[in-house]
Amino acid sequence: MTLDVAFWVLAVVCVGAALAVVFVRDVFRAALFLILCFFTVAGIYITLNADFLAAVQVLIYVGAVSVLLIFAIMLTRDAKQGSPSGRLRVPALIIGLVLLGVMIGSILSFDWQPSGEMSGMVRTQDIAGLLFSESGFVLAFEIAGLMLLAAIIGAIVLLREK
């Protein structure tokens, strides 16, 4: 019962934060609402017993993506002005409504079945064992780390004033 209440509270806060990201004119405040949205998604994962996804959500989205987004906003000139009212507002609204219709149609056409017993649920220790064992994906993680480092160095070089 308590987890159900926590789930719905987090879901409402998440939707509210996501709407605030879209409707707030100040880009910095929109980024802060996005961070709140990321945190609430991590909380939703915790209420669903997906602790590994919650940890990944906090580490990657809250820790890395949000900090990178805030740095990009702070380094961008004229960030206080917000986004100007664009001429693409009507096409964006049409595309958004079409996408919403497709999603609602997909949800309504799918035959949802309640999940059974979760006895085969994978634990965090199992995932870590699969990833970091000798036959795991350690090399892929190291390559991804090098690619992220190259992207950060490239962003710094692009932002550096001449």
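This is a predicted model: local features need pLDDT of at least 70, side-chain atom pairs count only at pLDDT 80 or more; totals for chains, interfaces and linings use all residues.
Residues are numbered from 1 along each chain as its sequence is written, and side-chain values use heavy atoms, with hydrogens and water left out.

**Confidence**

- The mean pLDDT (the predictor's confidence in each residue, from 0 to 100) of the protein is 83, and 88% of its residues reach 70 or more.

**Helices H2 and H3**

- The axes of H2 (residues 27-47) and H3 (residues 51-75) come within 9 Å and cross at roughly 175°, where axes are lines fitted to C-alpha atoms over the stretch in contact and angles run from 0 to 180 degrees between N-to-C directions.
- That crossing makes H2 roughly antiparallel to H3, a term for angles over 145 degrees.
- In the contact (heavy atoms within 4.5 Å), residues of H2 including Phe28, Ile35 and Phe39 meet residues of H3 including Gln57, Tyr61 and Leu69.
- By class, this contact of H2 with H3 has 21 nonpolar, two polar and no charged residues, with Ala, Val, Leu, Ile, Met, Phe, Trp, Tyr, Cys and Pro counted as nonpolar, Asp, Glu, Lys and Arg as charged, and the others, Gly among them, as polar.
- Asparagine 49, in the loop between H2 and H3, has a phi near 60°, a positive value in a residue other than glycine.

**Largest pocket**

- H3, H5 (124-132) and H6 (138-159) each supply at least two residues of the lining of the largest pocket, and the largest share, 11 residues, comes from H3.
- The lining of the largest pocket divides into 21 nonpolar, three polar and no charged residues.

Notes
Helices (H or I, at least four residues) and strands (E, at least two) are DSSP runs, numbered from the N terminus. Angles under 35 degrees count as roughly parallel, over 145 as roughly antiparallel, 65 to 115 as roughly perpendicular and the rest as oblique.
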